[in-house]
Structure formats: structure tokens, C-alpha cells
Amino acid sequence: MSHITKSIEFGGTTLTFETGKIAKQANGSIFITYGETTVLCTACSTGKPKPNAPFFPLMCDYQEKFYSAGRIPGSYFRREGRPTEKEVLTSRLIDRPARPLFPDGFMCDTQLIATTMSFDKVNDGDVIGMLGAFTAVAISDIPWAGPVVSVRVGLIDGNFIANPTVAEREESELDLVVAIGPKGVVMVEGQANFIAEAIMVDAIEFASEVTKPLMALVTELVAEIGKEKFAHTPKAVDEELVAACREAAFDNMAAATVIPTKMERYAAIDGVKKQALADLAERFPDRSSDIKSIVGGFKSEFCRNQIVETATRLDGRKLNEVRDITIEMSPLKRAHGSVLFTRGETQAIVALTLGTGSDDQRIELLSGMTNRRFMLHYNFLPFSVGEVKFLRGAGRREIGHGQLARRGLLPVLPSEDVFPYVLRSVAEITESNGSSSMATVCGTSLAMMDAGVPISGAVAGIAMGLIQEGDKVAVLSDILGDEDHFGDMDFKVVGNSEGISSLQMDIKIDGLDRQILIDAMSQAREGRLHILDKMNEAIERPRPDISDYAPRIFTILIDPDRIRDLIGPGGKHIRGIVSTTGAQVNVEDDGTVKVAATDNEIAKKAIDLVRMYTAQPEVGQDYEGKVVRVADFGAFVQIAPGMDGLCHISELADGRIDRVDDVCKLGDTLKVRVLNVERNGKIRLSHREAMRAAGLPVPEGKKSEGGDRGGDRGGRRGGGRGQPRGRDSERRRSRRPRGEEGSNGAPEAAKADAPAAGGGESAPAAN
């Protein structure tokens, strides 16, 4: 293959396809660049059918390399590990549009891989990787009914944007990914800030229009360099066998199919298949697999005809009818919030857990580390469909359904300033017959209210289906699993009375008429409002308080300069608070301190300790302090951890004392009052003022003539009362011989070297 490059301006940025240079041994490869984001996309197939394969073995993988953003992975091994959530979700975005376009009966191992190799932090590689993967298989020799193009649609200030940048997506009210095939839209997925159905339809049509030049370029590229598709011969239809199966089993299958209960219906259908095998075994030996497949197909044929002809569904419902809903609040008494949500034969137990800031999920992306405050995990348990399977980690489907539900609930979450909790919702699917992801949406919304999360309103989800036979079209509300399987389109819509917050749509028919889409959206809205009414009957608004078992989070603000005092050397102080009280303490760079505990008394003790370590000295405030150092000129008293001040000798007693230890000694507890806090943080204290204010006896010193002149004079020398020295006092001091003791008993030389009263060597306090 020769080296070819083609470019186009798309969404205001140059998009370039390059092939024939890299990965030439793949069946098809595209090196696609958008801006400075580059993704290598390849398509490979063995070309050898797998015998007795139960389904088409297609693997689609999207991966992001950290070198693409000039980063080294933060994992222990310093290399990329298991696929991230984003990689899994993007892999699904490639798989869902591509899979239906492979020929029926194509059972060759096939793989599409898209690898982001350069990321410019402006243009995301996911939608570009989708486009490259679709183009790689289109130019390959693998049989496929493409090409398919993809685009992301944003909505800013009422205007649609094609492929918005990473920054623009933060401002956008809509984040919608659309895949368009040769005959129209084949897949839609995205989230929105409760936009109206009509706007969502316009966004899908915008995607169809804006990608027309792109589709023309890809079509031109396929025509110019596309390989001849290798032969795939569909399995021939054995008309004799089909006729025999129809005669033996069609009426019985029709009778079994209308049984309303899922497990009874499945049992009856299995009975029909077994009877057909027994009846036809002698006439068609060794054709059991074909007989099962043909007889099983009668179910879809009968149901589709019945729906479009009589508007009657498998379980007897009308086309727009939602199954019966029952809601039990708080079934799990120790969970912070819980609900048992049942819709028909689909059931979910949803538990909501409230955590502190340290519980948030740290996610490493190409752009750097980010924290996720709201997590939603969906678990599809094997017994929910009567199966026996090994329990493994979450699969791609579970991750996809969980993310779909999470996106729909994001717009109603309170801000962290209003509700400083981390939230984790877990949906355990205990019964399933379609729409389990939408039961997860409803259950999580209810569990949040049960937990006292002040969400702005309830959110509901509904799964819709579509059957089209010729000119006859039927839109189905709240579809069953079987209706999902044999339908022509399934789409899941999440939102409230205002509009849509999350959407997922997979389309199997050629093209999608605008009016059909509008009608489907309108019917989905009716069903969603019906479900919201049922949810409001169970709980109308969030509970006024959170669970007794949930942590209480209290937020206080300290001076950022005191953070080091709260943390302490090597984290000693903050660890001491946690170990002493059992509370959790988180400190942010702006001085916000969050204290979390399940008991108010524990939280109060922790808050008191936080305030003690970060206390701001207040003039006139009295403290019980510890004498941490004694000098000739006074005592240093610690009034809070990391904060001490000087109580000058003149402020220890009424009158003159000869020695500081006449009043206090190292380690004594001393009641003191803050006289002044200087600009440099030095604190001046008074013991006698604190004792007098408390009505306690003040230590007596030597009284000189004129009352307390000696004490006053000492205070002036040390600045105890903050009064400036007069000129006469300076002259008297200068005439005093060196070594002569002053009125407070300290040698003059010592006093000359002493710091001013009010702190000396004390630790600086916060301003």
C-alpha cells in the first residue's frame, strides 16, 4: 500500500488521515491527527470462522499512553496497567456502532485498536480514535458495511459546536458523541444539563449535517486505497428445514411467547425447542443447532408482527405503558441511604454511602490527576437472571451502565461548599428483565434523598424501544429484555421534568426519521414523568438530616499561616487529634479544616483541639498557660500549642519581686491575660491582671513609696503596659552604675540584653 495523506478542516481544526506508513501488516491502519493529538488505529481479522461460535468475536480496544502527554504513569510499576474507566467507555463507543455493520454470520476473530500516541491537552483522543478505527476497518479487506464517522457536539450560549476542546467542554451544557453511518445515525451517547428534547433532536441533526464533508473524504479515501473485501459466504438458508420447523413449532412458540412472566415464558420456550428437536430429529439428523436457531427466531418474528399489527406486547402492556413500580425506602438499616426499587421483573437494591474528603476517588488521566467526589457502581449479579457464573470484577457492560446513570445524576448534586461529602452509590441488580440501568438511576436518586443529600430534585430514567416493519412504526416504553433483543432501536433517557441529563441510543435500522425521533423522545418524557410521580409518592424531598451512622462533617477556617502549627512536626499534632478522638481531620491549602465523626461529641473534641493548635491570641483574653521557660526578666508562658508569650516580671505580682521563681517555676500552670500582640507576633502577658479579673488573690511583691511605683517602673522598662519611657527615666537609668539592680531585682546588664516584654523568644502567633 502506498503512503497517502488526506486532510480536512473540521470544527476549526485540521484533521489528517495518514495510511501506508505505519502498521502496514494490519488488515487496515490509519494514523489520524487532530490538532496535535494523534491516534494510531488498526483493524485485524483472522479471516477464519470460529466453528460453533455463539456470537461474533469482535474486540474493540481504546488505550491512552502516558507518553502522549509527556507524563510517566504514577503506578508502582510506572507503566500503563489495566484499562481505565475512560478507556473502557471509549472502547464501547467504538464497538456499538461497528458491530452491527459486520455481515450476519461473520464469525472470524476481529479486533479494532485505537492508541492515543500524542495528546495536545486541547483535543481529546476518544472521538478521534473512534473515527480512526472506523476508517481503518473501512479501508481494510475485512467485510464491513461502513464507512462510519464520529463527532462530539457541544452547546455553548445556544450554539452547537463540533468537537469542542477540553476547555470548551467545561462550559458546554451538552456533551454528545454521535456516530453516523452511510444511511444515517447509528449511535448516540452523552450527557446534558437538563436540556429540552427538541434541542437534543437538533443536536443529533447538527451532527449529521456537520459530518457530511468528513463522510465524503472518508468515502473518497476508501475508494482510492480500500482493499477488496475477502469473501464471506453467508450460511445458506435451508428452506425445507425452515418450513418443517415452522409447521412443527411456530404455533407453539406463539403460545409460549405471550406468557407474561419471564421465567415461565422462558421455560415454555425451551419446551417448544425441545419438542421441535424431538419431532424433527429423525428427518433432520445432526441439525439440532440449526433447529434451535430457527425455532428461536420465531419468537422475534411473532412478537414484532404482534406489536406493529395489534399494539400488544409480550406481557400484554400497551406500547406506552410502564410496568408496575414498587418502592421500599430504607431497607438497609445501617446504610446511610438505601432503597429497594422494583419495576416489573427488574429490581435493584441501591445503597448510598457518605464519606469524607479522604474517600474521594483519585483518577490519573493524561491531563493529570483529578478527584471524583461522586461514584456510582453498578453490579449485575448472575442470579438476577437465574444464571450460575463466576463472580469477577466489573465488566465493560457494568462500567458503561454505571457511567450512564452517574452522568444523569451529576446535574442535581449539591456543591461541595453546601454539602462537603463524598458520595458512593452501589446498585445491586437482584432481578433483571430489561432497563436495569434505568432502575439504577431511579434507585440512586431515591437513596440520595433517603441519605439526606440535598439534591435539587429527583431524577428518573426509562429505556425505550422501536419496532419498524415497512411503514409501520411502534415506539415502546420501558422495554423488556426480549424487546431490547429483537427491536430496531433501544435508547435510554435520563432526566427530570425540565429535560434530559443523559442519553444512550443504539440504532439498528437504516437512517432515523426526525419525526420518529421526536415522537420517541416525547413518549420517553411521558414515561419519565410517570416514574417521577411514583418516586415522589415514596419520598418527596431529601430527609432533613443525614443518617445517624453517617459521619458528621464540620468545616472551620483557620489562618493558612497556622496550618503548620495544626499539622505539627512530622504530622505529630494532626495525628494526635485523630488518634485521641477517632475523628478524621482534613486540611486544605486555603485553611479550610474539615472534621468528620459519627458522633457530635467526638467532633467537638476534635474541633476544640484544632482550635487549640491554631488559636489566635486576643487582647484581653485570659488563658491557662504552662511556664515553658524562666528568665531573669520574666516567664515565657505557652497559652496554646506552638504559641507562647512573655509575662514580664513586673506583671507577675502587685509590687516589686526579686526573682521570677518567687511567683512561678518551670512547668507551673499560670493564669495570664493577653495585654498586647505586636505586629511581629510577639505576645505580652500579665498574670496579675488575669488573677484580678478572676477575683483571685494577686501575688504580693515589695511595696515602694508611692504605691506600686517599682512595678510600674519595671513595666515601663519592659514595655509591660506599652507606655513610652519619658526623658527623665532615661536620664535616671543612665546615671545608675553598671551592675546595680533595678527596681525589679534584675541586673541592669541582663535587662539591657533582654527582649521587650511581649514575646522575646516566643513562637510567633498568626496575625
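Which residues are buried in α7? I am working with a predicted model, in which local features need pLDDT of at least 70, side-chain atom pairs count only at pLDDT 80 or more, and totals for chains, interfaces and linings use all residues. Residues are numbered from 1 along each chain as its sequence is written, and side-chain values use heavy atoms, with hydrogens and water left out.

**Entry on the helix**

I find that Lys-262, Arg-265, Ile-269, Val-272, Ala-276, Leu-277 and Leu-280 are buried in α7, where buried means under 20% relative accessible area with a 1.4 Å probe and protein chains only, exposed means over 50%, and partly exposed lies in between. These residues cover an arc of only 135° around the axis, which puts them on the same side of α7; the arc is taken from the directions from the helix axis to the C-beta atoms. On the other side of α7, I note Glu-264, Lys-274 and Ala-278 as exposed. The buried residues of α7 pack against α6 (239-257), α8 (288-310) and α11 (481-486), contact being heavy atoms within 4.5 Å.

**Entry on the sheet**

I next looked up an open sheet of 3 strands, which has the order β22-β24-β23 with antiparallel pairing; strands are DSSP runs of E of at least two residues, and helices are runs of H or I of at least four, numbered from the N terminus. Because β22 (552-557) and β23 (584-587) stand at the edges with a single partner strand each, one side of each is left without a neighbour in the sheet. β23 and β24 (residues 592-597) pair in the antiparallel sense over 4 bridges, pairing needing at least two DSSP bridges between two strands. I also noted that the bridge partner of Val-585 in β24 is Val-595.
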